[in-house]
Amino acid sequence: DEGNPLLTGRSDVGRPYWDHTGYAPVNTPYEVVDAGRWQPAILDNGYGIFRTQQFITPQYGEVLPFSLRKPLPILSPPPIASDPANAALYQQQADAVLAASANLTDEQKMIAELFDDKIASLGMSALFQSVVQGMSVEEFVHYDFLTNLAAFDTGIVIWREKRHYDAVRPFTAIRHLYGDDLVTAWGGPGQGTTLMPASQWRSYLPVADHPEYPSASAAFCAAHAESSRLFLGTDDLNWSLDVDAGSSRIEPGITPASNLTISFATWTEFETVCGMSRFWGGVHFEAAIAPGRAIGTAIGARAHAYLQRRILGTP
């Protein structure tokens with residue numbers, strides 16, 4: 001059967017849990033050698049303690065998936081706008097991130113925070129549907145296994161593509177383009193939109209510790225949505241969350257200024273907004289979203305087929 005080492009004899013036995021890929025970033029946290037490649041960020045814990053990122057688990061892309069065969073070709077088209085040789089496109093996508101940062105709404109901020117927390121977004125949406133559908137314990141086990149399998153296999157493919165392209169994050173591109181020139185953007189917690197040196201720009205969401213392209217969150221949400229649609233037999237979701245004033249993790253006591261409700265009528269709306277939330281949050285260029293969604297959707301369908309073969313006893 002596809003991807004089952006017990007049946008095919010294929011196995012990951014003998015591979016270490018630590019990174020065995022030999023990955024090393026081209027750029028350091030302090031110097032950009034190639035403005036098209038990923039740069040580890042310098043992170044502040046808020047109490048004056050700093051650390052530098054490393055690409056977390058690049059070996060994840062080498063793990064044996066359950067629902068698809070390896071090896072697969074690289075599935076995403078090259079991120080041409082992330083190549084500084086394409087100067088106009090490179091600047092255009094960086095400027096789009098700055099514009100989104102300058103015009104962040106309270107709703108966009110809270111949606112970005114929601115999807116940054118995969119338990120609160122993916123986990124709770126699945127739990128909500130299990131209650132609405134009146135699932136039995138067995139049905140819930142099937143559904144929970146399915147959505148987690150879809151995410152696991154999606155992550156393998158996404159991590160392999162991230163390592164392949166090793167693409168630049170917005171914070172590096174913006175600082176590379178504008179240095180200490182003034183830009184208009186979100187100025188940090190409680191600062192609103194302000195004028196600042198580009199070298200001090202920061203994304204609304206904490207920047208993740210792996211290369212930018214394609215978007216992992218867009219892929220995870222798409223895999224979750226597609227596997228849910230197929231399992232439940234409908235695109236309907238009808239999930240709403242009430243967000244209290246001042247409940248933001250990033251701007252506590254400030255955002256949102258008043259109570260608001262976040263609603264998703266369908267799984268399609270859920271995955272679409274999830275992808276855009278990474279752009280609003282400043283951690284992705286918009287071009288990273290569609291390839292991530294395409295991969296997640298395809299693997300969500302494969303995960304569902306994998307589950308159904310086992311439910312039917314025809315693996």
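Me: Contact means heavy atoms within 4.5 Å. Which residues is P77 in contact with, once neighbours within four places in sequence are left aside?

Reply: A quick word on what you're looking at. This is a predicted model, where local features need pLDDT of at least 70 and side-chain atom pairs count only at pLDDT 80 or more, while totals for chains, interfaces and linings use all residues. Numbering starts from 1 along each chain as its sequence is written, and side-chain values use heavy atoms, with hydrogens and water left out. Now your proline: P77 touches Y165 and Y213, leaving aside neighbours within four places in sequence. P77 sits in the loop between β2 (50-52) and α2.

Me: Is P77 buried, exposed or partly exposed?

Reply: The idea is to look at relative accessible area: buried is under 20%, exposed is over 50%, and partly exposed is in between (1.4 Å probe, protein chains only). P77 has 49%, so it counts as partly exposed.

Me: How many helices and strands does the protein chain have?

Reply: Helices (H or I, at least four residues) and strands (E, at least two) are DSSP runs, numbered from the N terminus. The protein chain has nine helices and six strands.

Me: And how does its radius of gyration agree with that of a compact globule?

Reply: That radius is taken over C-alpha atoms, and the globule rule is 2.2 Å times the number of residues to the power 0.38. For 315 residues the rule gives a value near 20 Å, and the protein chain has 20 Å, so the two agree. The C-alpha trace spans about 65 × 50 × 35 Å along its principal axes. Of the 315 residues, 47% count as buried. As for contacts between residues at least 6 apart in sequence, 75% join residues at least 24 apart.

Me: How do I read two helices that cross? At what angle do α5 and α7 do that?

Reply: Start with the axes, which are lines fitted to C-alpha atoms, for helices over the stretch in contact; angles run from 0 to 180 degrees between N-to-C directions. The axes of α5 (residues 137-165) and α7 (residues 216-232) come within 9 Å and cross at roughly 150 degrees. Among the residues making the contact are Y143, L146 and W159 of α5, and F220, H224 and F231 of α7. The contact of α5 with α7 has 12 nonpolar, seven polar and two charged residues.

Me: At what angle does α7 cross α9?

Reply: The axes of α7 and α9 (residues 289-311) cross at roughly 35 degrees and come within 7 Å. Residues making this contact include A222, E226 and L230 of α7, with G296, T297 and G300 of α9. Their contact divides into nine nonpolar, seven polar and two charged residues.

Me: Is E226 buried or exposed?

Reply: E226 is in helix α7, and its relative accessible area is 14%, so it counts as buried. Leaving aside neighbours within four places in sequence, E226 is in contact with T297, G300 and A301.

Me: What covers the buried residues of α6?

Reply: The cover includes α2 (87-102) and β3 (182-186). In α6 (residues 170-178), the buried residues include F171, I174 and Y178. Just after α6, G179 takes a positive phi of about 50 degrees.

Me: Which residues have a positive phi without being glycine?

Reply: T57 has a positive phi of about 45 degrees although it is not a glycine. T57 lies in the loop between β2 and α2 and is partly exposed, at 35% relative accessible area. N238 has a positive phi of about 55 degrees, and is not a glycine either. N238 is in strand β5 and counts as exposed at 52%.

Me: Where are cis peptide bonds found?

Reply: One joins Y213 and P214, with omega about -10 degrees; P214 is in the loop between β4 (193-197) and α7. Another runs from T255 to P256, with omega near -10 degrees, and P256 is in the loop between β5 (236-243) and β6 (260-266).

Methods: Nonpolar A, V, L, I, M, F, W, Y, C, P; charged D, E, K, R; others polar.
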